[in-house]
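Please open the structure in a viewer and keep the selection panel at hand.

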Amino acid sequence: MSTKSEPNKDTTNSTEETKTKDRKKGKGKVSKLKVAGVICAAVEFVISVFFIYFAISTQVVPMKYALIAGIVLGIFPILVVLMQMSKQTGIVGIVLSVIIMAIVGYGIYLVRHANKALDTMTGATTEITVVNAYVKKADPANSINEAVDNHYKFGILKVSERDKVNEAIGEIEKTHSTTLDVMEYNSIYEIVSALDKGDIKAFITSAAFVSALDGSEEYQHYSEGLKIIMEKQVETEVKTEEKKVEVPKDAGTFCMYISGIDTFGSVSVKSRSDVNIIAVVNRNTRQILLVTTPRDFYVPLSISDGSPDKLTHAGIYGIEVSMETLEMVYDISIDYYLRMNFTGFIDIIDALGGIDVDSTYSFTTRMQYDTFYYESGINHLSGRAALAFARERHSFGDGDFQRGRNQMAVIKGVISAMESSQLLYNFSDVMAELSESFETNMSKAEVGEIVQEQLESSKSWNVLTYEVLGTPDMQVCYTGGGNASVVVPNWDSVEYIKGVMNRVLNGEVLTQEEITENSPK
């Protein structure tokens, strides 16, 4: 007779306990996964909120776009939470959340970079005058102290920037408890002539006047033989006059002076303006008229009491003098200015990886210690090569006019590079250079309004261009007092474009062909 064996109670209990522990362990893993997913979703939501906040703070993102972005980014955290209901999708949700956080986090970095650049570039109200003390490069004095201790005679200008020069002299005299031996001269040409003859051993003036000296026919590159033994920076407020004719803000029209200043370093430093463009903007008709005035245009400056000078020299006395002078020439009110310097010009182009520029001629030019050669046709240029290309005029029969055309070719090259993917690769570098090298008195809110309008509008801009005409000549200039190459205005051309400016402001829709065909020859 067989006996049926009973199951081992200890074994059965052990198996059931193991299964129970496995179930609890599995539930614990699922529970921890859900917690991790919820935390990721919460962090993702917070990062998205910061991104929307920083995007709105730039004032260039339309609210409807910010709202759409907020809704889209808000959906993802909810989706991640819902995905935690399943073990399989829960892991996918966490991975998705981490990817989105990385993308949005990088977006925050880029937006903050752009916002910082806008804060730096907009709302400019000051300029810097650099006052230097100069001696010959071979002079044994290497500091202002050595020059004063050795009783150097200093040359200064009688009038120009005299208040700032006097301020520098006062500080020197106070520091050394002495009175400087000073000789006054009427022009920078007289000063360097006295320096060359040995009548003085040093001179104190605004660095902008030495820059102007380098641009003269007789003293090209003269500064290369000088040594700076003292530098002082004086900050002054930019003061612009009231508009001649008030244009209602809702009219959607304004004029901006675009200046490319002849200097390296801070964009706020007073210097010659090599690029002088008036942008006449009508936001209602979506038209922009760019009027280029030759840098050597021979006209009275607003501070010269009727004495004519090169337009480029107006920048030596400040951005407001350039604007006032152009207002006098064209009988128009200029509301804003945008200024960039050559340092920014170089660095932005280098950050873009260089630009392609179409040269009409083959030529060679020199800038400081470098020599550049350009072939007729397309040239890929670095920042310094592009700057030398845009500055050269002596290689051409029509000098200043061809320089203006070359500057426009460089601008086109920059725009083309910015439209390419190269800008995305170097976005941070480009924005950093923009913030250090551009400035405008237009407020951040005004810039944002225009950008938002552009983003929301499907209409493209009609960009019209015109180059004012003139005749090359040699004439005596107010700044310096000596003969220099100038461009005598073709006043028929000036009168013609004045009428075109008013037509654009008044809302008349024009074509490039119409402007070109009707222009005086």
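A residue is called buried when its relative accessible area is under 20%, exposed when it is over 50%, and partly exposed in between, with a 1.4 Å probe and protein chains only. By this criterion, 48% of the 521 residues of the protein chain count as buried. The model is predicted: local features need pLDDT of at least 70, side-chain atom pairs count only at pLDDT 80 or more, and totals for chains, interfaces and linings use all residues. Residues are numbered from 1 along each chain as its sequence is written, and side-chain values use heavy atoms, with hydrogens and water left out.

**The whole chain**

Colour the chain by secondary structure. There are 16 helices and 19 strands; these are DSSP runs numbered from the N terminus, with helices being H or I of at least four residues and strands E of at least two. Contact here means heavy atoms within 4.5 Å. Among contacts between residues at least 6 apart in sequence, 72% join residues at least 24 apart.

**The largest nonpolar core**

Next, select Phe345, Ile355, Val357, Tyr374, Leu381, Phe389 and Val410. Within the largest nonpolar core, which has 40 residues, these touch the most other members. A nonpolar core is a set of buried Ala, Val, Leu, Ile, Met, Phe, Trp, Tyr and Cys residues joined through side-chain atoms within 4.5 Å. Helix α10 (residues 383–391) supplies the largest share of this core, six residues. A separate core of 32 residues includes Val238, Phe297, Val487 and Tyr496.

Now display α10 by itself. Seven of its nine residues are buried, so the helix is largely enclosed by the rest of the structure. The buried positions in α10 are Gly383, Ala385, Ala386, Leu387, Ala388, Phe389 and Ala390. From Phe345, contacts reach Met340, Gly383, Ala386, Leu387, Ala390 and Val410, with residues up to four places away in sequence not counted.

**Phe438**

Move to Phe438, in strand β16 (residues 438–440). Its relative accessible area is 17%, so Phe438 is buried. Residues up to four places away in sequence aside, Phe438 touches Met121, Val267, Leu338, Arg339, Met340 and Ile348.

**The largest cavity**

Which residues line the largest cavity? Select Asp274, Val275, Asn276, Thr292, Thr293, Pro294, Arg295, Asp400, Arg403, Gly404, Gln407 and Glu467 to show its lining. On a 1 Å grid over the protein atoms alone, a cavity is a set of points where a 1.4 Å probe fits but cannot get out, and lining residues have an atom within 4 Å of a point. Grid points are joined across faces, edges and corners, and a volume is the space filled by probe spheres set on the points. The largest cavity holds about 80 Å³ of space, and the structure has four cavities of 30 Å³ or more.

Two elements, β7 (273–282) and α11 (399–419), each give two or more residues to this lining, and α11 provides the largest share, four residues. The lining comprises two nonpolar, five polar and five charged residues. In this grouping, Ala, Val, Leu, Ile, Met, Phe, Trp, Tyr, Cys and Pro count as nonpolar, Asp, Glu, Lys and Arg as charged, and the others, Gly among them, as polar.

Centre the view on Arg295, in the loop between β8 (287–292) and β9 (298–300). Arg295 is buried, with a relative accessible area of 5%. Beyond its neighbours within four places in sequence, Arg295 has contacts that include Ser273, Asp274, Asn276, Asp400 and Arg403.

**Helix α6**

Select helix α6 (residues 188–197), where Ile188, Tyr189, Ile191, Val192, Ala194 and Leu195 are buried. Among the elements covering these buried residues are β1 (126–136), β2 (153–157), β3 (181–185) and α7 (207–214). Just after α6, Gly198 takes a positive phi of about 90°.

**Two exposed loop residues**

Finally, inspect two residues with positive phi. His151, in the loop between α4 (144–149) and β2, has phi near 55° without being a glycine. With a relative accessible area of 69%, His151 is exposed. Ser177, in the loop between α5 (162–176) and β3, has a positive phi of about 50° and is likewise not a glycine. Ser177 counts as exposed at 70% relative accessibility.

Methods. 1 Å grid on protein atoms, 1.4 Å probe; cavity = no way out; pocket = protein on both sides within 12 Å on 5 of 7 lines; lining within 4 Å.
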